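Let's take a walk through a protein model together.

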Amino acid sequence: MKRVTVVEHPVVARDLTILRNKNTVPEQFRSALNRIAIILAYSSLKTLPLKEVLVHTPIQKTKGFELDSEIVVVSILRAGLGLVDAVLGFIPEAKIGHLGMYRDEETHQPVDYYSKIPKNIENDFVLLVDPMLATGGSAADSISFLKKKGAQNIRFMCLISAPEGIKRVQDEHPDVPIITAAIDERLNEDAYIVPGLGDAGDRIFGTL
Ligand code: PRP
Ligand code: URA
């Protein structure tokens, strides 16, 4: 699929199995999610622009690099919160935005209830994070919102994707790369990902 990176790693395969297991408790769930998020973040940040600088080692001057862009990590609440710390592990100075969104249980359409995004993000590297890409409504609407705020350089990082969600994001936002740990089979009649892991927010926060 165009502009989709599926991150493959033995630790990801092991931890995805922990996350899919219905008997995994929230404490184990959060820690497995954080380990995968570190690998996803590593992959998502690979294209960060660099600028050359001069660094003085104790021995002599040499060429070095600094990041050439501000980084904004935007979490789709609630479940996106489970991915933010991993990104901050690499980029502690990142600015952080939040988009509150839940899916209406009947229509499966996203309903937005909150937003707080850093100002002046036009030239920033914006990494939108949410573990689940199901119908794609939440991700596609979030990307549209960020574009209205001026963002021009957006990536979407998620844990599990359904083909339907990937198609929707790619149709509406062909410029936005998707970085994911798995592409599952399909959605069921309740728009849950099959086989998936159930409701990510409930499993992270123990609200089952
Ligand atoms: C989940 C998930 C995504 C959304 C994905 O959130 O974290 O935001 O569903 O579904 P979609 O691709 O069909 O839009 P949910 O609505 O369960 O809210 P929560 O994180 O507050 O539990
Ligand atoms: N949201 C989730 O948390 N899980 C799904 O399978 C679909 C949407």
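Which ligand takes up the space of the largest pocket? That would be ligand 1. A pocket here is an open set of points on a 1 Å grid over the protein atoms alone, where a 1.4 Å probe fits and protein lies on both sides within 12 Å along at least five of seven lines.

Before going further, some ground rules. This is a predicted model, so local features need pLDDT of at least 70 and side-chain atom pairs count only at pLDDT 80 or more, while totals for chains, interfaces and linings use all residues. Residues are numbered from 1 along each chain as its sequence is written, chains are lettered from A and ligands numbered from 1 in the order in which they are written, and side-chain values use heavy atoms, with hydrogens and water left out.

**Around ligand 1**

Ligand 1 has 17 residues around it, and R103, D130, A134, T135 and S138 come nearest. To be near, a residue needs a heavy atom within 4 Å of the molecule. Sorted by class, this shell holds 8 nonpolar, 5 polar and 4 charged residues. In that sorting, Ala, Val, Leu, Ile, Met, Phe, Trp, Tyr, Cys and Pro are nonpolar, Asp, Glu, Lys and Arg are charged, and the others, Gly among them, are polar.

Where does the shell come from along the chain? At least two residues each are supplied by β4 (71-77), β5 (95-103), β8 (132-133) and α4 (137-148). The largest share, 3 residues, belongs to β5. The helices (H or I, at least four residues) and strands (E, at least two) are DSSP runs, numbered from the N terminus.

Ligand 1 also makes polar contacts, meaning pairs of N or O atoms within 3.5 Å; within protein, one atom must be able to donate a hydrogen and the other to accept it, and residues adjacent in sequence count only if both atoms are side-chain atoms. The side chain of T135 puts a polar atom 2.6 Å from an oxygen atom of ligand 1. On its own, ligand 1 has 500 Å² of accessible area, and the protein covers 91% of that. Accessible areas come from the Shrake-Rupley method with a 1.4 Å probe; for residues, only the protein chains shown count as cover.

**Around ligand 2**

Now look for ligand 2, which sits in the largest pocket. To sit there, more than half of a molecule's atoms must lie within 2 Å of the pocket's grid points. Its surroundings are R103, M132, A134, A191, Y192, I193, G198, D199 and A200. By class, that makes 6 nonpolar, 1 polar and 2 charged residues.

| Residue and its atom | Ligand atom | Distance |
|---|---|---|
| R78, polar side-chain atom | oxygen of ligand 1 | 2.9 Å |
| A79, polar backbone atom | oxygen of ligand 1 | 3.2 Å |
| I193, backbone N or O atom | oxygen of ligand 2 | 2.8 Å |
| G198, backbone N or O atom | nitrogen of ligand 2 | 2.8 Å |
| A200, polar backbone atom | oxygen of ligand 2 | 2.8 Å |

For ligand 2, the protein covers 89% of the 240 Å² of accessible area that the ligand has on its own.

R78, from the table, has another feature: the peptide bond from L77 to R78 is cis, with omega near -5°. R78 is placed in the loop between β4 and α3 (81-90). A cis peptide bond also joins V194 and P195, where omega is about 0°. You'll find P195 in the loop between β12 (193-194) and α6.

A191, one of the residues around ligand 2, is not a glycine, yet has a positive phi of about 65°. A191 lies in the loop between β11 (186-187) and β12. Is A191 buried or exposed? A191 counts as buried, because its relative accessibility is 5% and buried means under 20% (exposed is over 50%, partly exposed is in between, with a 1.4 Å probe and protein chains only).

H108 has a positive phi of about 65° too, and is not a glycine either. This residue, H108, is in the loop between β5 and β6 (110-116), and at 18% relative accessibility H108 counts as buried.

**Inside and outside**

Finally, compare two spots. T180, in strand β10 (residues 178-183), is buried at a relative accessible area of 0%. Its side chain reaches the backbone oxygen of L159 at 3.2 Å. L208, in the segment after α6 (200-205), is exposed at 81%.

Notes: 1 Å grid on protein atoms, 1.4 Å probe; cavity = no way out; pocket = protein on both sides within 12 Å on 5 of 7 lines; lining within 4 Å.
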